[in-house]
Amino acid sequence: LSQCVLLAYFVFAVCSTQFVWAYTLCGIDDDILDHEKVRSGMIWRGYFMSAVISIIVDSMSVASWVCLPLLVETFQDPSRRIGLLPVCIFTLVLRIGVNLMGLVVASKILHGTVQVGGGIFTALFSPILTSSRLIGDAMLTTTKMPLWTAFEGKGTRLGTRAESDQSERVWL
């Protein structure tokens, strides 16, 4: 049920964000655009809080995901053991992974539309927002910074020698 709620939040948030991007590209009035940005930000913040709660609950229920298959296997006939433990662990890891990726996407869009907001949301979720934004910047950014940029750093000016060359020079 929680995954269905998160899916509904995600679908509505993506639709609202598409409206914002369409209004931005078409040059719609700022009043309408600002109102839609606020609505989109509220939906993304709701998704973000729900995903955090879902991850916490899933993490707290790891024991039940592991113990239930082991309990079922103890009461089964040894020749008919299905082995539910790997399936349960895979499902749990998949749920947490999908929710973490949703957090990264939500944080990236909230920061991109400048709808992170303030108040209790930022105070409470600040560490999660910043870390998921850093992950989103590393994973979802299409343009990467080059490893080397021309004319960056101290360098040497034309017509002068580097400091190591000047110290080795002997004056006659």
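A salt bridge is taken here as a side-chain nitrogen of Lys or Arg within 4 Å of a carboxyl oxygen of Asp or Glu. The model is predicted, so that local features need pLDDT of at least 70 and side-chain atom pairs count only at pLDDT 80 or more, while totals for chains, interfaces and linings use all residues. Residues are numbered from 1 along each chain as its sequence is written, and side-chain values use heavy atoms, with hydrogens and water left out.

The protein chain contains six helices and zero strands, in the order α-α-α-α-α-α along the sequence. Helices (H or I, at least four residues) and strands (E, at least two) are DSSP runs, numbered from the N terminus.

Two salt bridges were found in a search of the whole structure. In one, the side chains of Arg95 and Asp58 meet at 2.9 Å, N to O. This pair links distant parts of the chain, with Arg95 in helix H4 (residues 84-112) and Asp58 in helix H2, 37 residues apart. Asp58 is buried, at a relative accessible area of 3%; buried means under 20%, exposed over 50% and partly exposed in between (1.4 Å probe, protein chains only).

A salt bridge also joins the side chains of Arg39 and Glu36 (3.5 Å, N to O). Both residues lie in helix H2 (residues 30-60), three residues apart, about one turn of the helix. Glu36 is buried, with a relative accessible area of 6%, whereas Arg39 is partly exposed, at 39%.

Of the 172 residues in the protein chain, 24% are buried. Among contacts (heavy atoms within 4.5 Å) with a separation of 6 or more in the protein chain, 70% involve residues 24 or more positions apart.
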